[in-house]
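Numbered points follow the display.

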Amino acid sequence: MLILDPNLSDPDAVFAALMEAHRDLSPEQSRRLDARLVLLLANHIGDAAVIQAAIAIAGQPVSIGKSALDAHSDNEAS
Amino acid sequence: MPYASPRYAAAPPGQSGERHPVVIVGGGMVGLTAALDLARHGQPVVVLDDDDTVSIGSRAICYAKRTLEIYDRLGLGARLMDKGVVWNRGRVFFGERQVYDFDLLPEAGHRFPAFVNLQQYYLEEWLVEACHATGQVDLRWKHKVVGLTHDAAGATVSVQTPNGDYTLHADWLLAADGARSFVRETLGLPFVGKIFRDRFLIADVTMQAPFPPERWFWFDPPFHHGGSVLLHRQADQVWRIDFQLGWDADPDVERDPERVRARVRAMLGPDVAFDLEWVSIYTFRCRRLERFRHGRVLFLGDAAHQVSPFGARGGNAGVQDADNLVWKLDLVLRGAAPEALLDSYDAERVPANDENILNSTRSTDFITPKNAAARAYRDAVLELAAEFPFARSLVNSGRLSRPAVLTGSPLNTGDRDHWSGGVPPGAPAVDAPVQHNGAEDWLLRHLATGQFTQLRFEPPVVGAASPTVFVTATPCPGALHDAHGLAAARYDAQPGTTILLRPDQHVAGRWRQHDPARLRQAMETARAC
Ligand SMILES: Cc1cc2nc3c(=O)[nH]c(=O)nc-3n(C[C@H](O)[C@H](O)[C@H](O)COP(=O)(O)OP(=O)(O)OC[C@H]3O[C@@H](n4cnc5c(N)ncnc54)[C@H](O)[C@@H]3O)c2cc1C
């Protein structure tokens, strides 16, 4: 099961480490870094079903703005 | 000396209205395999082929272990081993360096290696000889099928020959007429799938080179930037080199021998002398017919399905089609099984070929990344693979042909007893070294009866069904001696274990104890009775 609740021991540090890794990289270098990172993490997770669940969520159409916020609050209300 | 294709004499036209139990359209590798197998079952066969020779140029070269075992059953195993180049090891390179190597047969105690490389024309030449030797195969060269109708009683075929035309009637028609199958087209059957937007240059060169007999695959090597290159050794010091050219390459320009020589020289270095034997340019498709059985017309080989060559799955699949179909057709022709048994050819070979299509599609997607992101992932896998074992399993330069396991086949009798591993229903029999009358031998040879065969792990029993092969842990007259314990280990056998094998050596069912009633039931299930 893909964990969607907070699970990181130090979220701010993890986010900062990702930003730091990409600092000064060209888009191409960034893509390479991300690809390597995804593969390393995917192997660590191991379970193909978990990875596929993550791919499905990550690939959902991006909607920013009011409707997305509405949908979100609907979810929280239900 | 370069290979000279045999020319077979054109057969005289037949008598209009002749009738035959089985007619095979296409005397290529798969049609000839089916003809030989049928003939060895005692069935007379007519083969119609529009050409008068064997496969031209560089096509199939890699024959997988299962294919070698099937050809051994058909009497050609030793010949393939003698002439072919045995290999088990592959290496993958990225840029300048080797990323990793792999052994496809890491386990000892198998008669046949993971692969033998041999030019397709040799195999076809031997198949023709073997067909003739049976006296049961009427091979008609230069007989082109140009018309076809079919109904519940069979097919009527119009045939064109240089010396006149005729029609014949076939109770059963096997369509093995290749990727552009006339039979498929004339029946209007859709052949759907996808084409890969890439082109490959195939160059066969003769040379005295220091490379070992291994499969070498380069991604983006310095001598062929941006593309992949595959090197294989074949018989007669011939090497096959595949260069990935990309979709935009102009085939006419790329075919120019001088240009090809320059590519090969860049790869081998200036000091290796070579002769160019063959050049061709290919694009690849993955597709199949929805069903392989259409009443009394049965499709096999490339006429039924096509894959990209990465993984060597095309011909190897076609040989397994023939292996699967022939014993069923034989039983139906003998009245020993209902026609419905032939529906299991669809039920078993369609999923098996889907597995081939899936694997070869994935390989092709890895070798030809579709966009910048796919390329970044591909390159990341290759970079990581050099350092970290985990990434090696992601490198896909071709998932090499594995025998089909007919899981879920309606002919299987599911396990009732407890097994830890072994060879489950649907899987092909596994070989093991044994001793026969004190001499080294192989189990699979004894299971190549062409009939339903029982494999029993116990001393011979009087009145056992024929044929039965007994295997014992200690020497015992009339039994194969499992001197290394590998037969028992591979089949998860205990004393009393009985395994029922179909004529194509796939397991129909298995039991911890011999039980004649259960075996009888399983035999009926496996014959769709
Ligand atoms: C570059 C390349 C590399 C490959 N490498 C491998 C490999 O390493 N391993 C592997 O297993 N497979 C490989 N394959 C695939 C393999 O070559 C084919 O799968 C195999 O040849 C299929 O055999 P077939 O008998 O079904 O068809 P074919 O070999 O095409 O034979 C069809 C026959 O039917 C005849 N015919 C056609 N139309 C008619 C008609 N109307 N009337 C009468 N006769 C007709 C033709 O003359 C021909 O003899 C490779 C293919 C290519 C192109």
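Which backbone atom lies 2.8 Å from an oxygen atom of the ligand? The answer opens point 2.

1. Basis of the note. This is a predicted model, in which local features need pLDDT of at least 70 and side-chain atom pairs count only at pLDDT 80 or more, while totals for chains, interfaces and linings use all residues. Residues are numbered from 1 along each chain as its sequence is written, chains are lettered from A and ligands numbered from 1 in the order in which they are written, and side-chain values use heavy atoms, with hydrogens and water left out.

2. A backbone N or O atom of Asn316(B) is the one placed 2.8 Å from a ligand oxygen. The protein buries 88% of the 1,000 Å² that the ligand exposes when taken alone (Shrake-Rupley accessible areas, 1.4 Å probe; for residues, only the protein chains shown count as cover). In the side chain of Asp49(B), an N or O atom is 2.7 Å from an oxygen atom of the ligand. A polar backbone atom of Gly315(B) is 2.9 Å from a nitrogen atom of the ligand.

3. The shell around the ligand. Of the 33 residues around the ligand (a heavy atom within 4 Å), those that come nearest are Asp49(B), Asp50(B), Gln120(B), Asp302(B) and Asn316(B). By class, the shell holds 14 nonpolar, 11 polar and 8 charged residues; here Ala, Val, Leu, Ile, Met, Phe, Trp, Tyr, Cys and Pro count as nonpolar, Asp, Glu, Lys and Arg as charged, and the others, Gly among them, as polar. At least two shell residues each are supplied by helix H1 (29-40), strand E2 (45-49), strand E9 (144-151) and helix H8 (314-333) of chain B; helices (H or I, at least four residues) and strands (E, at least two) are DSSP runs, numbered from the N terminus.

4. The interface between the chains. Chain B places 10 residues in contact with 8 residues of chain A (heavy atoms within 4.5 Å). About 920 Å² is buried between them, 72% of it from carbon and sulfur atoms; this is the accessible area (1.4 Å probe) that two parts lose on being put together, summed over both.

5. Salt bridges across the interface. Between chain B and chain A the count is 2 salt bridges (a side-chain nitrogen of Lys or Arg within 4 Å of a carboxyl oxygen of Asp or Glu). Helix H10 (residues 372-387) of chain B gives the largest share of the side that touches chain A, 8 residues. That side of chain B divides into 9 nonpolar, no polar and 1 charged. Glu383(B) pairs with Arg36(A) at 2.6 Å, N to O, and with Arg32(A) at 3.2 Å, N to O. The latter pair runs from helix H2 (residues 27-45) of chain A to helix H10 of chain B.

6. Backbone geometry. Most residues other than glycine have a negative phi, and most peptide bonds are trans. Asp220(B), not a glycine, has a positive phi of about 50° and lies in the loop between strand E14 (215-219) and strand E15 (228-233) of chain B. Ser466(B) and Pro467(B) are joined by a cis peptide bond with omega of about -5°; Pro467(B) lies in the loop between strand E24 (453-456) and strand E25 (468-472) of chain B.

Key. Polar contact = N/O pair within 3.5 Å; in protein donor to acceptor, adjacent residues only side chain to side chain.
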